[in-house]
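I opened the model to look up its helices, sheets and cores. My notes follow.

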Amino acid sequence: MRIFNSLTRKKEEFKPIHAQNVGMYTCGPTVYDFSSIGNFRTYVTSDVLRRTLTLNGYKVKSVMNITDVGHLTGDGDLGEDKLAKAAKREHKTAWDIAKFYGEAFEKDSKKLNILPHDVVARATDHIKEQIQLIRRLEGKGFTYKTSDGIYFDTVKYEKDTGAKYGELSTLDEIKEGSRVEKNPEKKNPRDFALWKFSYKGGRSFDSAQDDAASCRHMEWESPWGFGFPGWHIECSAMSMKYLGETFDVHTGGEDLRQTHHPNEVAQSEGATGKKFVNYWMHVTFLLVDGKRMGKSVGNAYTVSDVEKKGIEPLALRYLYLTAHYRDPLNFTWEALEGAQSALERLRSQVSNFSSQESGGGKGKVKEYRDKFTDALDNDLGTPQALAVVWDVVKSDISSVDKRKLILSFDEVLGLEVSKVPQVSKVPKEVRERVRQREELRKQEKWDEADKVRKEMLEMGYTIKDTDSGPQVKKLRVTSNK
Ligand SMILES: [Zn+2]
């Protein structure tokens, strides 16, 4: 199996540390809001990687963190805490926010058929481990104190270890961007917080005084004063706790490649003196209507938004698989509808492949199986793997073998292809609109025809133009499982 390693910027043969067991860590969500369909592109990719490793005979231990302690809104160490901000917005405590959105994330993951991780590690359950790791770094002289926290000294780290900070990053130099307030007390711009004080100067809770940061719901006692961990330390502490000081694969969204992951490397390797992770995989951003997705733009759709349109979350999973994870994928509602109907077509094919008739082409079964595995083993070539599925559908091998093959492919794809497709009667009003639309199309009134199509969509029906005329289907509304 070959995977593209962001550390070396090369496709490499995957060689795990232990012959049979693979340890992988995925940077999970910060639970202050619903995760977007962009975030889920990363989590589905991690899931496909895990399933592909399993297909290759490895026993995978999958660990994901849940960041349930306040991150700051900027990329840096100043600014407002995301969880605290959400708590204010929703008139809840930060703990309630973390619980609510943590559960929502779990539900959405299930809907996308993401296998449960072996360990889901919450940052707030691992404060002790984070403090211990900072202590280790302190012991090596890689930390210093400012009025607002304990910081990691990237220059000292480079000098003492000979390591180069920020190798993972594609930026020439990690610097404080214009979005981020500059912190004048930092020795070097790239230094980052390991521990933040609730009270200026690191006072204890009792000597609390009026301070902007002192109305937090989440804070802990530490050797340096009352406060909370910095943005990055949880991932180092928790991944090493569950996977060892050196482990095989670490995945995450491409945004984490510039700061968060370089910081994880520096903290971990600074503390242990060992290599932290052998393979880094980063998933490219999802675009929406050709634009960058963002909460402020209003296009950061969620799994619930998909369901509200009557489209099932697994259609989204299908759509993700149609593009390679390192290529940009442009989300449009039309593309998602297309994915939904492709998935339904696949399911109806699979449900027809149940006859016991035996056919020829035994040799071809192996050929298809190899093709499918080769596609995934080549840096998770999911578009090619999907193409093999459709090749099998069209092939001349027996129905029984087709069914068996596609069901075994689904162990990796996770599309629930054996689900019985919903056959529904199309009501009269919808059928009338189909005819209306056909008429408009004949007259080449495309805009009006499209308006009718949208009306149908609002009524819960999709339409697809095939060689044998328009095909109408009721949108599937999946209930909470
Ligand atoms: Zn992380």
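**Helix α9 and burial**

I began with α9 and listed its buried residues: Pro313, Leu314, Ala315, Leu316, Arg317, Tyr318, Leu319, Tyr320 and Leu321. I call a residue buried if 20 or more other C-beta atoms lie within 10 Å of its own, exposed if 12 or fewer, and partly exposed in between, with C-beta atoms placed from the backbone. Nine of the nine residues of α9 (residues 313-321) are buried, so this helix is largely enclosed by the rest of the structure.

The model is predicted: local features need pLDDT of at least 70, side-chain atom pairs count only at pLDDT 80 or more, and totals for chains, interfaces and linings use all residues. Residues are numbered from 1 along each chain as its sequence is written.

**Overall counts**

I noted 15 helices and 16 strands in the protein. Helices (H or I, at least four residues) and strands (E, at least two) are DSSP runs, numbered from the N terminus. Of the 481 residues in the protein, 45% are buried. I then checked contacts, where two residues touch if their C-beta atoms, placed from the backbone, lie within 7 Å. Among contacts between residues at least 6 apart in sequence, 74% join residues at least 24 apart.

**Cores**

Which residues have the most contacts inside the largest nonpolar core? I found Ile37, Ile134, Leu194, Ala315 and Tyr318, in a core of 97 residues. Such a core is a set of buried Ala, Val, Leu, Ile, Met, Phe, Trp, Tyr and Cys residues joined through C-beta atoms within 7 Å. Leaving out residues up to four places away in sequence, Ile37 touches Leu286, Tyr301, Thr302, Val303, Val306, Leu316 and Phe331. A second, separate core has 17 residues, among them Ile66, Leu83, Ala86 and Ala123.

**Helices α2 and α3**

I looked at how α2 (residues 82-90) packs on α3 (residues 94-111): the angle is about 95° and the axes are 8 Å apart. Axes are lines fitted to C-alpha atoms, for helices over the stretch in contact, and angles run from 0 to 180 degrees between N-to-C directions. That angle makes α2 roughly perpendicular to α3. The scale is under 35 degrees for roughly parallel, over 145 for roughly antiparallel, 65 to 115 for roughly perpendicular, and oblique for the rest. From α2, the contact uses Leu83, Ala84, Ala86, Ala87 and Glu90; from α3, Ala94, Ile97 and Ala98. I sorted the residues of this contact into seven nonpolar, no polar and one charged. Ala, Val, Leu, Ile, Met, Phe, Trp, Tyr, Cys and Pro count as nonpolar, Asp, Glu, Lys and Arg as charged, and the others, Gly among them, as polar.

**Sheets and a hairpin**

I took strands to pair if DSSP finds at least two bridges between them. Strands β1 (residues 2-5) and β2 (residues 10-13) run antiparallel, joined by four bridges. Ile3 has Glu12 of β2 as its bridge partner. Four residues lie between the strands of this hairpin, and Arg9 takes a positive phi near 60°.

Next I traced an open sheet of four strands, ordered β6-β7-β8-β9, with antiparallel pairing. Strands β6 (143-146) and β9 (227-229) stand at its edges, each with a single partner strand, so one side of each has no neighbour in the sheet. Neighbouring strands here are turned by 25° against each other on average, direction ignored. Three bridges join β8 (residues 192-197) to β9. Phe197 stands opposite Gly227 in β9.

A three-strand open sheet has the order β13-β12-β14 and mixed pairing. Its edges are β13 (291-292) and β14 (329-331). Two bridges join β12 (residues 286-288) to β13, and these strands run antiparallel. Val288 has Lys291 of β13 as its bridge partner.

Most residues other than glycine have a negative phi. Asp289, in the loop between β12 and β13, has a positive phi of about 50°. Asp379, in the loop between α11 (362-377) and α12 (382-394), has a positive phi of about 55°. Buried or partly exposed? Asp289 is partly exposed, with 13 C-beta neighbours inside 10 Å. Asp379 is buried, with 21 other C-beta atoms within 10 Å.

Last, I checked Ser348, which sits in helix α10 (residues 333-352). Ser348 and Val420 are 72 residues apart in sequence and 7.1 Å apart in space, C-alpha to C-alpha.
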